[in-house]
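Here is a brief report on one protein model. Look over the sequence and the structure first.

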Amino acid sequence: MKRLKGLDEIHEIIEKVYDEEKNLTFEQRIKKLREESERFLSERKLDLKRVQPRELKHIAV
């Protein structure tokens, strides 16, 4: 069966992200996620409402 090039690229990206985050604590992952999302929003000049943790219905364990 022939593999799609795009699928291979996606797998490589997923592995890279996993390798970068595998040794991070939960708090470090949250901090990294927030920094990346802020950078994404500012680069695109988006102004979106951010949900505060107390407003979340489900809490990650």
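The notes below cover the overall fold, the helices, the surface and the salt bridges.

## Overall fold

This is a predicted model. The protein has 2 helices and 0 strands. Of its 61 residues, buried ones make up 2%. The protein exposes about 6,500 Å². Carbon and sulfur atoms supply 57% of that area.

## Helices

Helix α1 covers residues 5-21. Helix α2 covers residues 26-43 and has 18 residues. At 1.5 Å a residue, α2 should span 26 Å. Its end C-alpha atoms are 26 Å apart, so the two values agree. Lys45 follows α2 and has a positive phi, near 55°.

## Nonpolar surface patch

Leu4, Leu7, Ile10 and Ile14 form a nonpolar patch on the surface. Together they have about 390 Å² of accessible area. Ile14 lies in helix α1. Its relative accessible area is 51%, so Ile14 counts as exposed: the cut-off is over 50%.

## Salt bridges

The count comes to 5 salt bridges. Lys22 pairs with Asp19 at 3.9 Å, N to O. Both are partly exposed, Lys22 at 41% and Asp19 at 46%.

Glu36 forms a salt bridge with Lys32, also at 3.9 Å between the closest N and O atoms. The two sit 4 residues apart in helix α2, so about one helical turn separates them. Glu36 is partly exposed, at 33% relative accessibility.

Glu43 and Arg44 meet in a salt bridge at 3.3 Å, N to O. Glu43 is exposed at 53%, whereas Arg44 is partly exposed at 44%. Shared partners join Glu20, Glu21, Lys32 and Glu36 into one salt-bridge network.

Definitions and conventions. Residues are numbered from 1 along each chain as its sequence is written. This is a predicted model: local features need pLDDT of at least 70, side-chain atom pairs count only at pLDDT 80 or more; totals for chains, interfaces and linings use all residues. Side-chain values use heavy atoms; hydrogens and water are left out. Patches are made of residues with over 30% relative accessible area and no salt bridge: like charges are joined within 9 Å, nonpolar side chains (Val, Leu, Ile, Met, Phe, Trp, Tyr) within 5 Å. Accessible areas come from the Shrake-Rupley method with a 1.4 Å probe; for residues, only the protein chains shown count as cover. A salt bridge is a side-chain nitrogen of Lys or Arg within 4 Å of a carboxyl oxygen of Asp or Glu. Buried means under 20% relative accessible area, exposed over 50%, partly exposed in between (1.4 Å probe, protein chains only). The expected span of a helix is 1.5 Å times one less than its number of residues.
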